[in-house]
Amino acid sequence: MRFSRLLVPTTKETPNDATLASHIFLIRGGFIQSVGGSGLYNFLPLGKKVLDRVRGVVKEELDNAGCQEVSLSFVTPASLWEESGRYEKYGKELLRFKDRKDNEFVLGPTHEEMMVNLVRQSVKSYKQLPLNLYQINLKFRDEIRPRFGLMRGREFLMKDGYSFHTDEADMKREFNLMEETYKKIFTRLGLEFRVVEADSGAIGGSGSKEFMVLADSGEDTIVVCDGCDYGANIEAAVRQEKQCDAPAPQLGSEKVHTPDASTMEELASFFNVDPFYLVKTVAMRALYDEGKSQIVLFALRGSDELQEVKACNAVDANELVEVSEEELEAAGLVPGFMAPFDTPKEVRVVVDTTLKGATHLICGANEKGYHTTGNTIEGDFAYHDIVAVQEGDACAKCGGTLRYTKGIEAGHIFQLGTRYSEPLGCTFLDENGKAKPMVMGTYGIGVSRLLAAIIEQHHDEKGCIWTKESAPFDLYIMVSNIKDEAQLALGEEVYEALQSAGIDVLFDDRKDRFGAKMKDYELIGIPHAVIIGKKLSDGLVEFVTREGMVKEEVPSEEIVSFIRERLC
RNA sequence: CGGAGUGUAGCGCAGUCUGGUAGCGCACCUGGUUUGGGACCAGGGGGUCGAAGGUUCGAGUCCUUUCACUCCGACCA
């Protein structure tokens, strides 16, 4: 491709809403163009090329693993979503609309329903299973706050795959195969990543893993162990039960006047005890379908923090929101002095598992200005793991130290079970002619997000540095001064020779000066370049590696074979 | 949805307080010079100043309403 013919509107200036390197360079490098600035982007020729290459890697590995590509209709009848029960549960991110006949539709944010529908219509026998179908198509999620360019757009390209099995064991086999396949994909794309245990969120099901591309700019906090390969999203991370060296307060069961102590710090210093022996009672409002809601008290040790996703799962709610003090008082609770005991009966209580059987605890007295000491937690509370793992906690697997790191969620695989096949009646006949729901797995990769993830990991202050398998072109050739006939002639010659050798070359034949072309090259970030310039009079050209901007001088007559050796 | 802010040329911004010819940089077009780090000179095109209503002889500027977007918090590939 000749640069002079390619639509690459590079800019010197940074768009004012871009803060992330990937966002800045994808826009400045002319890869993408913002549409109305609301999480919608056009892919320009360069961006489309990268997208296609990344998509190609994904497709190749999936096909090798025995998956089959399909393409599902983007507009989905709402009735399917009603069948699965997600029409309500999915919330406002689901874009709903009506056609001219007033029939309701949604724009697919994910396609479990559609794929199950496809399979239930065409698969009837155990002989047709297992089956792994995928598509690489647009998704639309009406995000509350789209941002960071391709990292969190409203419309995005996603690979979503679904597998169907006769039993749990076969689904797990496929799940493991997909984990290995995903590792191959991310490795080929040149990404440094970590596979972590994850929460299943709105998709449902059990046992899910996320593929986190490590980057400081990542939106997810992941917990990793420095002693073993344990890794988990903060939303799902577990730890060894915490121990406390400080002595337990030896106080009997009494009510103590604590007028100014309502926070954990104040309370700990008031009683002069470790926060480990305090009970923190956090009130949240749990939201359910059809506008129902309930106040829930979450009790945990004063030394711990509530993990909201875990808490939300514990009460099976759609969402947890904060509760105002007024609402708490109206429900008969005393903000700042709440206890998990003797609560009004419309208030639900969830206790962290580590408090089960705990003694010598200090907690609120359900009375303004008072706490009680010498409490023991026993009996039939609803016990759940609701705490956030903290840095420095001990790994449950090996006892090593857990640390936080930031990641970009690039892939997520789920063991779904019969969460969708059952309500949607996706069954097969087994050897005995008996109908059973298929056991499913589901597997996603954020393909357009991968472009952002690659740049987050591979850039410098000057621009993008694409990896071998993601680069829009294999090589860039610059003719420094196109008025210099010798330079231009050699450029044309090398360009032709490499093109016919199957190397995808971007030939910069523009009239601009050296500096301007160099800036564009650095911004666009093709892995290697050949610069035909001044040194041609000494019979030399330069071979540049974008990573580190390393320059090597090569005799001009050897450049074609040199490149074929380096790039192939 | 809560908090903060911004809407003026394709992009980045000034002008708004104090009403009076709509400006600057980048980009774009023409001609010329220049060619190893985002060149220079000369000329040129491009705007219902987010929208609606009001005040006024006159509104980008003042008043009212409204919409959109961005940033900080809770969702997700």
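Reader: How many Å apart are the C-alpha centres of domain 2 and domain 3?
Author: In this predicted model, the C-alpha centres of those two domains lie 67 Å apart. Domain 2 covers 255-384 and domain 3 covers 475-567, while domain 1 is made up of 48-74 + 107-238 + 403-456 in chain A.

Reader: OK, and strand 30, is that buried or exposed?
Author: Strand 30, residues 540-545, is largely enclosed by the rest of the structure, because five of its six residues are buried, that is, under 20% relative accessible area.

Reader: Which strands does strand 30 pair with?
Author: Strand 29 pairs with strand 30 in the antiparallel sense over four bridges, with Ala-529 and Val-544 as bridge partners. Strand 31 also pairs with strand 30 in the antiparallel sense, over six bridges, and there Glu-542 has Glu-553 as its bridge partner.

Reader: What do strand 30 and strand 31 form?
Author: They form a hairpin with four residues between them, and Gly-548 in the turn has a positive phi of about 85°.

Reader: Switching topic, how many salt bridges are there?
Author: The count comes to 39 salt bridges. One of them joins Arg-188 and Glu-61, whose closest N and O atoms are 2.8 Å apart. This pair links distant parts of the chain, with Arg-188 in helix 6 and Glu-61 in helix 2, 127 residues apart.

Reader: Which residues are linked with those two in a network?
Author: Glu-60 and Glu-469 are linked with Arg-188 and Glu-61 in a network of salt bridges. Glu-61 counts as buried at 10% relative accessibility, whereas Arg-188 is partly exposed at 23%.

Notes. Residues are numbered from 1 along each chain as its sequence is written. Chains are lettered from A and ligands numbered from 1 in the order in which they are written. This is a predicted model: local features need pLDDT of at least 70, side-chain atom pairs count only at pLDDT 80 or more; totals for chains, interfaces and linings use all residues. Side-chain values use heavy atoms; hydrogens and water are left out. Domain bounds come from an automatic or database domain assignment. Buried means under 20% relative accessible area, exposed over 50%, partly exposed in between (1.4 Å probe, protein chains only). Helices (H or I, at least four residues) and strands (E, at least two) are DSSP runs, numbered from the N terminus. Two strands pair if DSSP finds at least two bridges between them. A salt bridge is a side-chain nitrogen of Lys or Arg within 4 Å of a carboxyl oxygen of Asp or Glu.
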